Amino acid sequence: MRAAGIIAIAVVSAAAGASVGGWVMASPRVPASGPVSQGAWPLVPMGDVAGAAQPAAALAMLNPRARDPGAVARGRRLFVQMNCAGCHGYDGNGGMGPALTDSYWRYGGTPAQIFRTLYDGRPQGMPAWGHALPPADLWALTAYVQSLGGSIPPAGTPPPVNRGQTRPNAGDNGNAIEGQ
Amino acid sequence: MTPIVRQLMQALLLGGALTGLGACGTHGQHNEADAARPGAGAAINTGKGGFNPAPGAAAGDWTSPARDYANSRFSPLDQINRANVGHLRVAWTFSDGALYGHEGAPLVQGDTMYLVSPFPDRAFALDLTKPGPNLKWSFDPKPSPMAIGKACCDPVLRGWSIADGKLIYTLLDDHVVAVDLKTGRQVWRTAMADVANGQTMTMSAFVAGNKVFVGNSGGEMGVAGWIAALDLGTGRELWRAWSTGDDKAVRIGPRFKPFYPQLRGKNLGLTTWPAGMAQHGAGAVWGFISYDPETNLIFYGTSNPGPRVPAQRLGDNLFSSSVFARDAETGEAVWAYQFTPHDEWDYDGVNEMMLLDLPINGRMRKTIVHFDRNTYAYVLDRQTGEVIRANNFAPQTWSTGFDYRTGRPLVNPAMHPLPDKTLDRVCPPDIGQKDWEPPAFSPRTGLVYVGIFNICMKLTNHKASYIAGTPYDGMEMARFSADGPSGGWGAFLAWNPVTGKPAWRIPEQFMVMSGAMATAGDLVFYGTTDGWFRAVDATNGKVLWQQKLASGVVGQPITYLAPDGHQYVAVAAGVGGAAMVQAARPGFPARGSTTYVFSIDGINQGAVSGAAAATPAAAGGGR
């Protein structure tokens, strides 16, 4: 009785699976487009920079999609489609993974640091997306994360109003927690 | 006879009388294989109901999370009772340093307590004959930190087990370890799965006879759920049975005789799914296991189906949200029953199966009592899988009734979640009106004691794609009290499984996610997620003693006799796990890592006699 529906859903989900699988592609080590100097973002430090003479240009890198009005919406779509919301919460307030809405960043909160986290993954379960998504999508995701309000502005830009919400216990937000 | 020795003798006699086991005095020498033989351990039964106390641990010990195969969590000790529990005080504390949910039960065998922290899953042995007590050894298995981010609901561990001179437990990164009780050295370690694809292990390893039973977690991560049996001596895998897939994978063969027709047929673990969906259909195995030595069957539940968006997986989705009865030796399925066919709200069926013998319609029946996340309290015939009773134990809106003819709950048509449509109020939410937290049963009252919730959710589904190592999920939720913005989120319930009705209920502002423990002192112990640890009268629910601990209680209380002959109560205070859904509520506690041990007047004879260091033999001699 439900056979037709079952088959229809199967086709849809198979197509979705194929499209996800199809995104496994070789991506260049630097964004293909945008005003980003070649080779800059792999130099992004995770923490502060020891030695005053070290170049910190990468920390000043703007999101090359910063002026793209559709980037945040596209990033939000990817945030749900790529299951980021399953860990970080549909509102970005954290759950299995850390909150993205506060000013506490394990691996740095400037646009280039967020991009690098997306590209390389992190050791506590954050997968590396650099081989599954093209750089343009990673910058769109970065734009969405920046829009959540907790990111650190690139070096040299004025700091935003302090939100006063540091969450040292990442994952302590209520409703984003999974219910196994 | 000194008072202490007399008390000890009384406790042992009581234990012996209740268990019918003369072996109670041979403390720590018990042979698990013998206990697993049919007939081992005459049933404790008062006429109000009972259970088989096998493997028959000594009355003063507590060597598995549930204390017995039947999952009773009942102790025959009664030194601490209704008359003196008001004098319960902290005797000592111990911090394991891990700030994640402490969901396990401390274990005691002989003169040693064994604790395991949540991630990084460090084990500790505490010498109860020495002041402090003294740390005998610790063991650091160094699991992969990647597992932290693959565990849906905090990197927790729900318990550990003692058998054959070993401490046996699962690691979050999908290993099982056995540690020598005396030396703290690893005896074996078995790799079970790859954490990178979203599998973790959070359940307590369960030992029956010469086998260790374990399963996987990851119902939100697109895993395929399984249970496996390992050899207790070597850790070698003996069999593995999946919850979904063809009959070979599910270990369904000629012995499989489920009660209801919808559970009979070829390859139902595949054919009740859209093509290609069963392999990521979850049915993870992360709750407690029970074992019936008379039939050599194990019983356990399976998780929600994946993804959590039901529109993507039309069909019953067998064998998710189900219970299996399997032959412990071969893993063959003997029967199954599905609590929530085609689950649409994340109602895992993993909650424990209590193997109770209950007087139903004038005769004693061998039953399973099971409080499901879906808010039905079931009484099943454990020989056939027939539903004897299904009663709501808390408020719910998803089901309009239960059809005893088909064994299926009737689904409220207004509660089907469709992608991108919001349902404002579904009760219960994903974590159910009861999650994994295990109840206790007292044969003295015939009641089951259980921590429950009183919550609902606003739900929006989003279609999910399977991407290995990421959540295969799609449920956006906001949870709230069933009684409005100022309403409580939980309760502690005494339930009569024979009548299917509550005996009494203690409303709580916060969810009750601790285990329950019942004792022959007619006390029941439980904790709240805002940190209260309470002892109540088992007959009427009157709170006789309580203390606020340093963090919320999501662990499982136990009681034991120390080498000094005194009865102690132990519980961990370390909030975490699914209790964190309340983290934004006022009054919610900070995390913690402390195990508390209580005694009458806070007596801690180990500490006193330890000051005169020459008397440990005397202190231990009473055993």
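The structure is a predicted model. In chain B, the residue B:N361 is placed in the loop between β21 (354–360) and β22 (363–371), and B:N361 has a positive phi of about 50 degrees although it is not a glycine. Most residues other than glycine have a negative phi, and most peptide bonds are trans.

## Cis peptide bonds in chain B

The peptide bond that joins B:A54 and B:P55 is cis, with omega at about 10 degrees. The proline of that pair, B:P55, lies in the loop between β2 (50–51) and β3 (74–75) of chain B.

A cis peptide bond is found again between B:G132 and B:P133, where omega is about 0 degrees. B:P133 belongs to the loop between β7 (123–127) and β8 (134–139) of chain B.

## A sheet from β9 to β12 of chain B

Chain B contains an open sheet of four strands in the order β9-β10-β11-β12, with antiparallel pairing. The edges are taken by β9 (161–163) and β12 (186–191), each of which has a single partner strand, so one side of each is left without a neighbour in the sheet. On average, and with direction ignored, neighbouring strands of this sheet are turned by 20 degrees against each other.

Within this sheet, β9(B) pairs with strand β10 (residues 166–171) of chain B in the antiparallel sense over three bridges. For B:A163, the bridge partner in β10(B) is B:K166.

## A sheet from β13 to β16 of chain B

Another open sheet is formed by four strands of chain B in the order β13-β14-β15-β16, and its pairing is antiparallel. Here β13 (206–208) and β16 (237–242) stand at the edges with a single partner strand each, so one side of each has no neighbour in the sheet. Neighbouring strands of this sheet are turned by 20 degrees against each other on average, direction ignored.

Strand β14 (residues 211–215) and strand β15 (residues 226–231) of chain B run antiparallel and are joined by five bridges. In β15(B), B:A229 is the bridge partner of B:F213.

## The hairpin of β23 and β24

Further along chain B, strand β23 (residues 376–381) runs antiparallel to strand β24 (residues 387–392), and five bridges join them. B:A377 stands opposite B:N391 in β24(B). The hairpin that these strands form has five residues between the strands, and B:G385 takes a positive phi near 85 degrees there.

## Disulfides

A disulfide is a covalent bond between the sulfur atoms of two cysteines. Over all chains the count comes to two disulfides, and one of them joins B:C152 to B:C153, with an S to S distance of 2.0 Å. The link of B:C152 and B:C153 is left-handed, with -95 degrees about the S-S bond.

## Helix packing in chain A

Two packed helices are described by the angle between their axes and the distance between the axes. Helix α4 (residues 111–120) and helix α5 (residues 135–147) of chain A pack at an angle of about 125 degrees, with their axes 9 Å apart. That angle makes α4(A) oblique to α5(A), and α4(A) passes α5(A) in a right-handed crossing. From α4(A), the residues A:P111, A:A112, A:I114, A:F115, A:L118 and A:Y119 meet A:P135, A:L138, A:W139, A:L141, A:T142, A:V145 and A:Q146 of α5(A). By class, this contact of α4(A) with α5(A) has 11 nonpolar, two polar and no charged residues.

Helix α2 (residues 71–81) of chain A packs against α5(A) as well, with axes that come within 7 Å and cross at roughly 100 degrees. Because angles of 65 to 115 degrees count as roughly perpendicular, α2(A) is roughly perpendicular to α5(A). The residues in contact are A:A71, A:V72, A:R74, A:G75, A:R76, A:L78 and A:F79 of α2(A), together with A:D137, A:A140, A:L141, A:A143, A:Y144 and A:S147 of α5(A). By class, the contact of α2(A) with α5(A) has eight nonpolar, two polar and three charged residues.

Note on methods: Residues numbered from 1 in each chain as written. Chains lettered and ligands numbered in written order. Predicted model: local features only at pLDDT ≥ 70, side-chain atom pairs only at ≥ 80, totals over all residues. Heavy atoms only, no water. Pairing = 2+ DSSP bridges. Helix = DSSP H or I, 4+ residues; strand = E, 2+ residues; numbered from the N terminus. Axes fitted to C-alpha atoms, helices over the stretch in contact; angles between N-to-C directions. Parallel < 35°, antiparallel > 145°, perpendicular 65-115°, else oblique. Left-handed = near helix turned anticlockwise from the far one by under 90°. Contact = heavy atoms within 4.5 Å. Nonpolar A, V, L, I, M, F, W, Y, C, P; charged D, E, K, R; others polar. Disulfide = S-S within 2.5 Å.
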